[in-house]
Amino acid sequence: MSISDVTIPNDLDSLWMPFTDNRSFKKQPRLFIEAEGMHYITPDGRRVLDGTSGLWCVNAGHRRQPIIDAVRKQVEKLDYAPGFQIGHPLSFEFASKLTGMVKEYSHVMFTNSGSESVDTALKMALAYQRTIGEASRTRFIGRERGYHGVGFGGISVGGISPNRKMFGNMLTGIDHLSHTHNLEHNAFTRGQPDWGTHLAEDLERIVALHDASTIAAVIVEPVAGSTGVLIPPKGYLKRLREICTKHGILLIFDEVITGFGRLGDSFANEYFDVKPDLFTTAKGITNATVPMGAVFVRDGIYDAFMNAAPENAIEFFHGYTYSGHPLACAAGIATLDVYRNDDLFARAAELAPYFESALHSLSDSNNVIDVRNLGMMGAIELESIPGKPTFRAMDAFQKAFDAGLLIRTTGDTIALSPPLIIEKKQVDFIADTVRTVLNTVH
Ligand code: PLP
């Protein structure tokens with residue numbers, strides 16, 4: 001068959017949409033055709049305030065001119081260069097700028113997405129353990145309610161049952177920490193809960209079960225985003241770090257959401273002052289203008305690979321055709337300039353208390369059973385309709401959309417993570433709209 005130049009008008013059928021209820025969507029589509037600053041624009045010209053930074057990724061707001069200019073300039077100069085055994089200047093420049101953002105991480109490896117960053121970090125951890133003579137360490141420990149993307153590595157260490165149940169046995173040798181979400185103790189906490197630090201001791205139980213000599217790495221999101229903004233109890237992450245160090249287990253933070261300012265610092269590891277051995281990023285790294293991810297590697301790990309491999313041998317058999325793509329690097333460098341010039345991470349820290357108050361003003365709204373927040377991430381958990389989980393939140397999603405606000409829902413939780421350029425009056429708009437919506441949902 002030849003390549004067709006025919007496009008069927010208004011054809012919604014050909015596209016199998018990701019993570020979407022395709023049948024409902026195609027009966028009642030929601031489309032965006034433009035975006036600017038804090039807003040999306042629909043085909044009928046309605047402005048929809050972006051309460052979620054797209055999918056937690058447009059941290060500097062939409063269509064930032066310096067990023068557009070950088071990508072445009074780059075595509076006219078070098079559209080693509082292979083990244084294996086050859087390079088181009090922007091990938092080195094961007095890597096150097098990224099490692100300059102955070103102490104103790106001297107190297108990054110580029111990927112194209114959060115899922116790829118996770119698989120890359122898991123493979124690095126396995127290979128590192130082998131490199132230092134710990135080849136029996138092949139297990140990974142994830143956490144219930146963790147989301148680490150959709151690769152087989154990510155779903156195996158992840159802890160969301162619908163993401164797992166269809167896909168067979170996945171990676172072998174995985175175990176999971178218990179999650180830290182507990183409404184009985186922590187409902188309506190502002191910031192980090194006091195209760196729950198002891199849950200980190202679950203790692204000692206798992207180590208005792210499998211023996212430390214079999215465990216390569218533990219992976220957690222510092223703040224679990226996709227399962228509804230689960231905030232780590234005070235001291236919890238520090239304790240995980242201590243237990244990992246004690247047993248020679250690598251700690252990986254998945255910072256695909258928390259990276260690039262979401263908590264009011266460059267990265268969550270800085271915010272919490274807990275240093276993992278590897279941390280993954282994506283999303284905000286290019287303000288989502290071009291897909292990209294990066295894995296940050298703590299000092300010493302790269303050197304271990306360099307010192308162990310024979311002369312002229314590839315030290316780590318891993319990489320993607322588009323690792324360090326010129327357009328992504330151009331977008332990323334310009335994105336870092338925007339973050340710095342607008343002082344956006346400090347702005348997020350400054351706005352966080354206002355955002356917190358706005359969210360908690362919804363505590364007594366209909367069906368609300370929890371409000372939680374940290375930095376510029378927050379969640380409002382709704383009581384599920386008996387026998388109909390997710391219905392209430394999806395109803396809220398549609399009604400908010402109709403009222404000009406994009407929210408994100410997971411289960412019956414509404415998650416909010418607006419671009420860090422948001423104004424206080426727009427925070428008020430979010431709270432007012434959600435309040436009105438909650439008055440009318442089922
Ligand atoms: N890890 C975390 C913590 C995420 O939140 C996500 C996506 O939301 C991913 C990994 C996967 O990223 P991607 O969808 O870019 O593959």
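The following legends describe close-up views of a predicted model. Residues are numbered from 1 along each chain as its sequence is written. In this predicted model, local features need pLDDT of at least 70 and side-chain atom pairs count only at pLDDT 80 or more, whereas totals for chains, interfaces and linings use all residues.

**View 1**
Contact is made between 32 residues of domain 1 and 29 residues of domain 2, two residues being in contact if their C-beta atoms, placed from the backbone, lie within 7 Å. On the side of domain 1 that touches domain 2, two or more residues each are given by α2 (53-56), α14 (344-360), β11 (368-374), β12 (377-382) and β15 (413-416). Here helices (H or I, at least four residues) and strands (E, at least two) are DSSP runs, numbered from the N terminus. Helix α14 provides the largest share of that side, 7 residues. By residue class, the side of domain 1 that touches domain 2 comprises 17 nonpolar, 11 polar and 4 charged residues. In this classification Ala, Val, Leu, Ile, Met, Phe, Trp, Tyr, Cys and Pro count as nonpolar, Asp, Glu, Lys and Arg as charged, and the others, Gly among them, as polar.

**View 1. The antiparallel sheet that includes β11 and β12.**
Four strands form an open sheet in the order β11-β12-β15-β14, with antiparallel pairing; two strands pair if DSSP finds at least two bridges between them. Strands β11 and β14 (408-410) are at the edges with a single partner strand each, so one side of each has no neighbour in the sheet. Neighbouring strands are turned against each other by 20° on average, direction ignored. Strands β11 and β12 pair over 6 bridges, and Leu 374 stands opposite Met 377 in β12. The hairpin of these strands has 2 residues between them, and Gly 375 takes a positive phi near 55°. Helix α14 lies across β11 and β12 and runs at about 180° to β11. Axes are lines fitted to C-alpha atoms, for helices over the stretch in contact, and angles run from 0 to 180 degrees between N-to-C directions.

**View 2. The mixed sheet with β13 at one edge.**
A further open sheet of 4 strands has the order β1-β2-β3-β13 and mixed pairing. Its edge strands, β1 (34-36) and β13 (405-406), each pair on one side only. Strand β3 (residues 47-50) runs parallel to β13 and is joined to it by 2 bridges; Asp 50 has Leu 406 in β13 as its bridge partner.

**View 3. The packing of helix α4 against helix α13.**
The axes of α4 (residues 89-99) and α13 (residues 326-341) come within 9 Å and cross at roughly 35°. The crossing is left-handed, a term used if the near helix is turned anticlockwise from the far one by less than a right angle. Leu 90, Ser 91, Glu 93, Phe 94 and Lys 97 in α4 meet Pro 326, Cys 329, Ala 330, Gly 332, Ile 333 and Leu 336 in α13. This contact consists of 7 nonpolar, 2 polar and 2 charged residues.

Among the 14 residues around the ligand, Ser 113, Gly 114, Ser 115, Gly 149 and Val 256 come nearest; a residue is near a molecule or strand if its C-beta atom, placed from the backbone, lies within 6 Å of it. Helix α5 (residues 114-131) gives the most to this shell, with 3 residues. The shell contains 5 nonpolar, 7 polar and 2 charged residues.
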